[in-house]
Amino acid sequence: MTDDDGEAKAEELLKGQQNKSRHETPAAVESDDADDGPDLTEKIADAYGEIEDGDRPENITLRDKHLAALFAGLDATDEMLELGEQAADELERDETPKTRADVCRLLLRYAIDDLESDVLERGADGFKRHKQQEIEDVDSI
Amino acid sequence: MVDTIQRACAYVPKGGVGKTTSTAHIAVAASQDRDLDVLLIDLAGTQNDLATHFGLGDEVDDLDAPISAIFGENWGFIRENIDDVFDRMVFPTDEGPDLIPADDGLGAEDNNLANVPREDRYDRLESFIEDEVAPRYDLVLLDLPGKEDNITINGLFAAENVVAPLKPGAFEREQLENLQAELEAIRNDEDHDARPRLQLVFATMVEKTTNLSAEFTDSLEAEYPDIAGSPVAQSANIANEQADGRTLFALEDDDLYTTGERAREAYRSITDDLLDRLEDR
């Protein structure tokens, strides 16, 4: 938005202010964040169940020729595992990657953690909730 | 100009007690007698009584930049994109103070504030005063609605110092007790940081010849000795000058009735008391 656009928009908002009246304003709504959309932890727990039931694949696939070429190059030069180890260090995970899949998992986790650190935590919470649900299901039999 | 802006609001949860008249006269006295840069902000409904009091009724009929905008969600955007928006809100009076008049949008914004989380609901006016008013004025006086709504609490939060004019009467006696209780309840409300305190209370429309007025003013001074201000005499001059868009301070001494002179002196004294208390805080 240019400066002129911003000023024009602001003037429009200011002009509209005079026409507001009490009886036309909407009712107050108390917003509860927990009600805004599905709960991530709960959906992750559901997904664990679907994976174990065979209703959902447990692999993630993606098609990207540039990443494919990159990993092929890293593998050929023995740099791929080192990259994976760096990711494990950053994540403070006590594991040594041995395969391309190990490296990819660590890199993906590292990226998610870097962007939104609580997402992985909620993933762990989802797993716990799934396990809890399994125990409750057994107890109810 | 003083380093920190002084603030006060006129608030009584009842109409017709002389709140607007008193606010106007205190503002003029502060401007003329103490040479302060004074801003009046009218938040007391949509009738624009303060503007009428200063003969600005026609000028504020179609406002270019209404004060109600500062309570809305678009204020930040408006302020960033219109450099002179504050200047467009303000109207100079002929008696010294400047005035920001009330507007029809205040009722709607009071309703809209109910949709805002409590922790963000009551500091809109405070932010406006800090950002826009404090750099330009020595004293800001707010004329608040005669009821406890979201606009009023914004005003109490921003001003904290409450001035309560009261008309003599049996119901009005109770009003002061109710006001004290209401201010205490607001102070104890943990949803916001407003801590309003009654700084000055005084009788208005006092008729020297009636027992009611005498008893009322005596009881105010007896029960509230630390905050009781001079009683303001009932005077035809007040209503007459309001109709002409002026305060008592616009008149020469010869043009005032005795009651008008007494009322004007009372407002001078009230203003001195108030400003002394504000400086002590």
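Biologist: What makes up the accessible surface of chain B, and how much of that surface belongs to carbon and sulfur atoms?

Modeller: Bear in mind this is a predicted model. The accessible surface of chain B comes to about 12,000 Å², and carbon and sulfur atoms own 38% of that.

Biologist: What helices and strands does chain B have?

Modeller: There are twelve helices and seven strands in chain B.

Biologist: Why is chain B called as compact as a globular protein of that length?

Modeller: Set the value against the rule: the globule rule gives 19 Å for 281 residues, and the radius of gyration of chain B is 18 Å, which is close, so chain B counts as compact in that sense. As for extent, the C-alpha trace spans about 55 × 40 × 35 Å along its principal axes.

Biologist: How many of the 281 residues in chain B are buried, as a percentage?

Modeller: A residue needs under 20% relative accessible area to be called buried, and 57% of the residues in chain B are buried.

Biologist: How do you know which share of the contacts in chain B links residues 24 or more positions apart?

Modeller: Take the contacts with a separation of 6 or more, and 78% of them are between residues 24 or more positions apart. A contact here needs heavy atoms within 4.5 Å.

Biologist: And what makes the contact between chain B and chain A?

Modeller: Chain B brings 29 residues and chain A brings 20. About 1,900 Å² is buried between the two chains, with 51% from carbon and sulfur atoms. Phe77(B), Asn111(B) and Asn115(B) supply 23% of the area chain B buries against chain A, more than any other three residues.

How values were computed:
Residues numbered from 1 in each chain as written. Chains lettered and ligands numbered in written order. Predicted model: local features only at pLDDT ≥ 70, side-chain atom pairs only at ≥ 80, totals over all residues. Heavy atoms only, no water. Helix = DSSP H or I, 4+ residues; strand = E, 2+ residues; numbered from the N terminus. Rg over C-alpha atoms; globule rule 2.2 N^0.38 Å. Buried < 20%, exposed > 50% of the residue type's maximum accessible area, 1.4 Å probe, protein only. Areas by Shrake-Rupley, 256 points an atom, 1.4 Å probe, with all protein chains shown as cover. Buried area = accessible area lost by both parts, 1.4 Å probe.
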